[in-house]
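Subject: Structure handover

Hello,

Here is the structure I promised to pass on. Please open it next to this message and follow along.

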Amino acid sequence: MEGKTPTSFEAESQSMSRALVEFGDKEAIEVIEVGGAGGEGENGNSDPFKARRSVFELERDLRVVSVPRSDEKRWVGYTCIWLTLASLVVGAVGLWIWKMEEGCLEGSLTGETGVISEYEGVSEEEARARIREMVKNFNIQNFEFRDAFGGSYSYAPPPEATEWKSPHTGQVVRRATLEAFLAEIHDHGGQAWLEVQAMAVDSGGCENRDHCKVLEKHRIGGKTPVDLVSLSMDWAYAMAWSWANFAEGLKFKGIQWNMIRAPLLVQRQDVSDFLYATRPVLEEHGLKQVSNFIDGFGWKPEFILDKVLEFPYWTVWTVPVAEDAFFANTLRVKGVFVCYPGQDAEHKDEKQNIYVKGMAPVDVLKVRWQKAREHGNAYLGVADGRRIVQPHSRLDDSRPIELADAEVETIRKTVFASESSGIGISDAIDFRKLFD
């Protein structure tokens, strides 16, 4: 065969071999390469027709087998791409859900919450002693300072002021006393929050003030006249700038905005706009913020996810509806449950205590505190050392309820059972079941 010009059959065979090389089909190449031998007749002569037929058969097989094989590879490739994209989407959704849950769990509330509301006549030593007592007996780590601001709802006291009068109770607040309270709180690693009325200004205080729209007249605690204003974003900027310097100067953790039972003209969006607008202003001063939601009005889970608020804080007056809503909204984040235990067992004119008439306030406190802890929340139960907390209307009450030593110990053994006596927190009961 040397020096022989390739026949058309051999040319076709070589062309077919090159095609098969491109497809990577080694077995088919071997068949073609032995095609001359396989195509020889009985006398050893080449049978070009048989060999040509073998090539055509191989070409047919190549078209029948190889083309579908190529489609199969393409289909597998597309499947891999779609599976990859699907896994990326699922992963992204899972990451978003995880981040959302993690964001909820990143609320800053630790320990329990208490109130400081008495300032006049309290020495610096006594101020420190009250903080120590609240930390020791009730694990209070968040302290809400009520009516600690100056003689106006409209403006904070000037930086040079050493004392001022509370606009609600009229008691004298000394800067040195506040500083003693705060220093002791910081020594115990706690947080102090300055309560400010978000919706209230002095009666007539909107005159000559931009962005101050009066909604209605109001009396805080039934006596102190104020004007309730619209919670616009412009009003939020004005309020935040007005109080941020005062809170920062005294080294508060932040501001707790107090909402009054909302007038009909106040919408949920107003509350949201206000809080989103105040956050960046306070952050410039290194401050955080919390807000009181009356029966949950205006509450959104996004406040925690977006780190607008540090933790949920609800004051419940409507039981059981608002109470149940609070616990449903705090499954993923620790919040403060506020539902005042009352002044006495009669609970006259106490809307939040309609189911516990005849039950002593200390017993109401224990049951509600147990329930809050059982659900992973805090309960606002005590104030000023070892007093039962009262709403703003009772801040100046001449008959504060002081807990006796035996009552403090009972609270520790029932409410804080897991730390002190080993009694399970799951033994807590729903107070409404007492009256079924």
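In which sense, left-handed or right-handed, does helix 5 pass helix 6? The crossing of helix 5 with helix 6 is right-handed (left-handed if the near helix is turned anticlockwise from the far one by less than a right angle, right-handed if clockwise). Helices here are DSSP runs of H or I with at least four residues, numbered from the N terminus.

Before the rest, two notes on the source. The model is predicted, so local features need pLDDT of at least 70 and side-chain atom pairs count only at pLDDT 80 or more, while totals for chains, interfaces and linings use all residues. Residues are numbered from 1 along each chain as its sequence is written, and side-chain values use heavy atoms, with hydrogens and water left out.

The two helices
Helix 5 covers residues 124-138 and helix 6 covers residues 175-187; their axes are 8 Å apart and the packing angle is about 35 degrees. Axes are lines fitted to C-alpha atoms over the stretch in contact, and angles run from 0 to 180 degrees between N-to-C directions. The contact (heavy atoms within 4.5 Å) involves residues including Ala 127 and Ile 131 of helix 5 and Ala 180 and Phe 181 of helix 6. By type, the contact residues are 7 nonpolar, 1 polar and 5 charged (nonpolar: Ala, Val, Leu, Ile, Met, Phe, Trp, Tyr, Cys and Pro; charged: Asp, Glu, Lys and Arg; polar: the others, Gly among them).

The disulfide
The count is 1 disulfide (a pair of cysteine sulfur atoms within 2.5 Å). Cys 206 and Cys 212 form it, with sulfur atoms 1.7 Å apart. The disulfide is left-handed because the torsion about its S-S bond is about -55 degrees. Cys 206 is buried at 10% relative accessibility, and Cys 212 is buried at 14% (buried is under 20% relative accessible area, exposed over 50%, partly exposed in between, with a 1.4 Å probe and protein chains only).

The aromatic rings
There are 23 aromatic pairs (rings of Phe, Tyr and Trp, the last by its six-membered ring, with centres within 6.5 Å; planes under 30 degrees apart are stacked, over 60 edge-to-face, the rest tilted). One of them is the tilted pair of Tyr 276 and Phe 303, at 6.0 Å centre to centre and 50 degrees between the planes. Tyr 276 lies in helix 8 and Phe 303 in helix 9, so this pair ties together parts 27 residues apart in sequence. Tyr 276 is partly exposed at 28%, whereas Phe 303 is buried at 0%.

Regards
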